[in-house]
Amino acid sequence: MNKLFPGLIIVLISVFVGVVFFSCNTEKKIKVLVVTGGHDYDKEGFEELLAKLPGSYDQVEHPNALAMLNSEKFASYDVVLFYDMPLKSESNTAVCFYELTDAGKGIIVLHHAFCSYNAWPEYERMIGGSYYRYPWKKDGVAQDASTYTHDVTFDVKVEDPNHPVTEGVSDFQITDETYGNVDIMPNVYPLLSTTEPSSALLVGWTNIYRNSRVVTLTLGHDRSAWENPSFIQILSQAVKWTAENDKTH
């Protein structure tokens, strides 16, 4: 028995190491397609932000973005992160988004992507709200155009600290661009809010559109936000959560 015991220990250790190695190497790596264009931004700083997030990232810029948003091209991706701001939808925009969401791909709408496709109601239904560049009406009441204010330092409240996107994040302060007088749909699931007067009440939420999980964050204008630890953690967890392809908030 004494001679067999050391050998048994070696075998057990080998099996344990093999299981750990196999588990680490078979874990699926999240693939993210980043869509940009239509708005200037700090490309170097944004690249540094992406490097801090889980998964691997490919980028495509308008006007070539829609060519990637079809079933053949996006099949290998788990999440599409929109950091673009096209003003008008093209003839094939709706088809591309329908294919994307019918396939259940995760969607993250980051900062100025909230202002995209201003005249297309379906985009508003997908992302859970809209920024209006012109006067608009809400429930028949006239509203002024939406606003933006640069370099505002404000407090952010975590509405649900148990949600996978905000788990482990406490209320925090951030310096960012705010969007005011926007329309946010009542059926979204609130994640982040603020009492900053220049901002809408919600600055982060989830939405379910067709078969896709959607996370919209109006935060994220530049390095001031991109280097904020709470913002990085929230965006990282948004990538993981939207990639799961489960139609629940």
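Asp139 counts as exposed, at 75% relative accessibility, where exposed means over 50% relative accessible area, buried under 20%, and partly exposed in between (1.4 Å probe, protein chains only). Asp139 sits in the loop between strand 6 (136-138) and strand 7 (141-143), and has a positive phi of about 55° although it is not a glycine. Helices (H or I, at least four residues) and strands (E, at least two) are here DSSP runs, numbered from the N terminus. The model is a predicted one, in which local features need pLDDT of at least 70 and side-chain atom pairs count only at pLDDT 80 or more, while totals for chains, interfaces and linings use all residues. Residues are numbered from 1 along each chain as its sequence is written, and side-chain values use heavy atoms, with hydrogens and water left out.

Most residues other than glycine have a negative phi, and most peptide bonds are trans. His111 also has a positive phi, near 45°, in a residue other than glycine; His111 belongs to the loop between strand 4 (106-110) and helix 5 (121-127). Is this histidine, His111, buried or exposed? His111 is buried, with a relative accessible area of 0%. A cis peptide bond, with omega near 15°, leads from His62 to Pro63, and Pro63 lies in the loop between strand 2 (56-61) and helix 3 (65-68).

On a 1 Å grid over the protein atoms alone, a cavity is a set of points where a 1.4 Å probe fits but cannot get out, and lining residues have an atom within 4 Å of a point. Grid points are joined across faces, edges and corners, and a volume is the space filled by probe spheres set on the points.

| Cavity | Volume | Lining residues |
|---|---|---|
| Largest | about 40 Å³ | Gly45, Glu48, Leu49, Lys52, Arg223, Trp226 and Glu227 |

For the lining classes, Ala, Val, Leu, Ile, Met, Phe, Trp, Tyr, Cys and Pro count as nonpolar, Asp, Glu, Lys and Arg as charged, and the others, Gly among them, as polar. The lining of the largest cavity divides into 2 nonpolar, 1 polar and 4 charged residues, and its largest share, 3 residues, comes from helix 2. The lining of the second largest cavity has 4 nonpolar, 3 polar and 1 charged residues, with strand 9 (residues 172-180) giving the largest share, 3 residues.

Helix 7 (residues 229-242) has 14 residues and reaches 20 Å from its first C-alpha to its last, close to the 20 Å expected at 1.5 Å a residue, the expected span being 1.5 Å times one less than the number of residues. Helix 7 is mostly covered, in that 11 of its 14 residues are buried, including Phe231, Ile234, Leu235 and Trp241. At the start of helix 7, a side-chain oxygen of Asn228 comes to within 2.9 Å of the backbone nitrogen of Ser230.

As for the cysteines, a search of the whole structure finds 0 disulfides, a disulfide being a pair of cysteine sulfur atoms within 2.5 Å. Cys96 is buried, with a relative accessible area of 5%, and Cys115 is buried, with a relative accessible area of 3%.

Methods:
On a 1 Å grid over the protein atoms alone, a cavity is a set of points where a 1.4 Å probe fits but cannot get out, and a pocket is an open set with protein on both sides within 12 Å along at least five of seven lines; lining residues have an atom within 4 Å of a point. A polar contact is a pair of N or O atoms within 3.5 Å; within protein, one must be able to donate a hydrogen and the other to accept it, and residues adjacent in sequence count only if both atoms are side-chain atoms.
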